[in-house]
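Please open the structure in your viewer and keep the selection panel at hand.

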Amino acid sequence: MNDLSPSRGFTTAVLHSDRAAPIEHGALHKPLHLSVAYGYRSARDLAAVFQGRAQGYAYGRQGNPTATALEDKITRMEDGVATVCFSTGMAAIGAIMIALLRAGDHIVSSTFLFGNTYSMFATLATQGIEVSFVDATDARAVEAALTPATRLVFVETIANPRTQIADLARISELCTARRLIYVVDNTMTSPYLFRPKSVQASLVVNALTKYIGGHGNALGGSITDTGAFDWTGFPNLYASYKAANPKLWGITQLRKKGLRDWGGTLAAEQAHHLAVGAETLALRMERACANAMALAEFLAAQSRVRAVYYPGLPGHPQHALARKLFSGFGALLAFELDPALDCFDFLDRLQNVVLSSNLGDNRTLAIPVAHTIYWEMGPERRASMGIADSLIRVSVGIEDRKDLIADFTQALA
Ligand SMILES: *Cc1c(COP(=O)(O)O)cnc(C)c1O
């Protein structure tokens, strides 16, 4: 952690976070540390690092200085206590489940969930952890699913692709009252639009691959402990991780059991790319959100578009909630074409839009959801999630707005 003033603005703090600790040769970027092993002159120093009594690195799987610099940046962005980075967003989510749950535990999550997260939770359900999927836009549905075995509630801020927004503050009240770990996947909003700490989330997940990295050139994930959860009452912690400061008990177990033992380590090069991307998060988000709003309004006015899903539109079911909680409506939207239009032909006509499954890139990306990322789950589950065959998801980028609107105009014509 560094000593720069916490009153600095978001981008200033991110830009200057590396300099708070002295960097080799005055380099403005944290250098890439590619060493797997770290040598010590004294055996006592080596033992102190292993026993957690001294800061330091033992073996590259447990972290490296380049990744630590990124962890500090994310802790600052989320206004948290500490962060652990991983090789992907999925590795971060998996680490939470592996490190903090035991057979017989129960978790509650949302029906509207990133597809691979849903698939992972379904796997957990075959391995002794009970999982309930409920409509998390309604806190009463979450409450009804809680049991005495519930340990954790996992929700996303804005769900992909239909942009449903979880009832984040009310779910928090349920978790606080029952001392449950409240995990919020903040990927779709990013800490620039929303800090889950503001609704007392315990742990924040970010798929760094998406908006924080922003350039589609590096994978990464992170878990940040906000400091809101009282780990002293949590039954699944190992005695060896209960060091002096209880605020660090959870993140220590996540680093040991979740990162060290499962090995989803963020490599130094990836950490560097993600840290460079993070510098412009605020600028990119402002632009991409403004573009998304303009495109959503444009599409909503087209007779050949049957429905548009974007939290910035006043007709969106959680528009008021988004306005209250977030400082922007995000850069992802989805829409249904008139069934008379072939969605494949429509997509093929787009010229400034890339047909791709990623999101959070600087480039605008579009994908026919039912035929690609939601194909494996089959028609029944798609229907239960409100995913029509003609649904197109657009991750809006930072292109010039007039070019984007012109492209959609000609593709619809
Ligand atoms: C992409 C994504 C993930 C997974 O991140 P990866 O880096 O691709 O593993 C998790 N949650 C959400 C909401 C995502 O969009």
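**The shell around the ligand**

The shell around the ligand comprises four nonpolar, five polar and three charged residues. In this division, Ala, Val, Leu, Ile, Met, Phe, Trp, Tyr, Cys and Pro count as nonpolar, Asp, Glu, Lys and Arg as charged, and the others, Gly among them, as polar. This is a predicted model, in which local features need pLDDT of at least 70, side-chain atom pairs count only at pLDDT 80 or more, and totals for chains, interfaces and linings use all residues. Residues are numbered from 1 along each chain as its sequence is written, and side-chain values use heavy atoms, with hydrogens and water left out.

Select Thr88, Gly89, Met90, Ile93, Phe114, Glu156, Asp185, Thr187, Ala207, Thr209, Lys210 and Gly220, the residues around the ligand; a residue is included if one of its heavy atoms lies within 4 Å of the molecule. Next, colour helix 4 (residues 89–100), which gives the most to this shell, with three residues. Helices (H or I, at least four residues) and strands (E, at least two) are DSSP runs, numbered from the N terminus.

Now display the side chains of Asp185, Thr209 and Lys210. A polar contact here is a pair of N or O atoms within 3.5 Å. Asp185 places a polar side-chain atom 2.7 Å from a nitrogen atom of the ligand. For Thr209, a polar side-chain atom lies 2.6 Å from an oxygen atom of the ligand. In the side chain of Lys210, an N or O atom is 2.7 Å from an oxygen atom of the ligand. The ligand taken alone exposes 380 Å², of which the protein buries 93%; these areas come from the Shrake-Rupley method with a 1.4 Å probe.

**An aromatic pair**

How many aromatic pairs does a search of the whole structure find? The search finds 12, where rings of Phe, Tyr and Trp (its six-membered ring) pair if their centres lie within 6.5 Å. Select Tyr38 and Tyr57, a tilted pair with 5.4 Å centre to centre and 35° between the planes; planes under 30 degrees apart count as stacked, over 60 as edge-to-face and the rest as tilted. Tyr38 is in the loop between helix 1 (10–16) and helix 2 (43–50), and Tyr57 is in the loop between helix 2 and helix 3 (65–78), 19 residues apart.

**Two backbone stops**

Move to Pro161, in the loop between strand 4 (150–156) and helix 7 (168–178). The peptide bond from Asn160 to Pro161 is cis, with omega near 5°. Finally, select His25, in the loop between helix 1 and helix 2. Its phi is near 60°, a positive value in a residue other than glycine.

Terms used:
A polar contact is a pair of N or O atoms within 3.5 Å; within protein, one must be able to donate a hydrogen and the other to accept it, and residues adjacent in sequence count only if both atoms are side-chain atoms.
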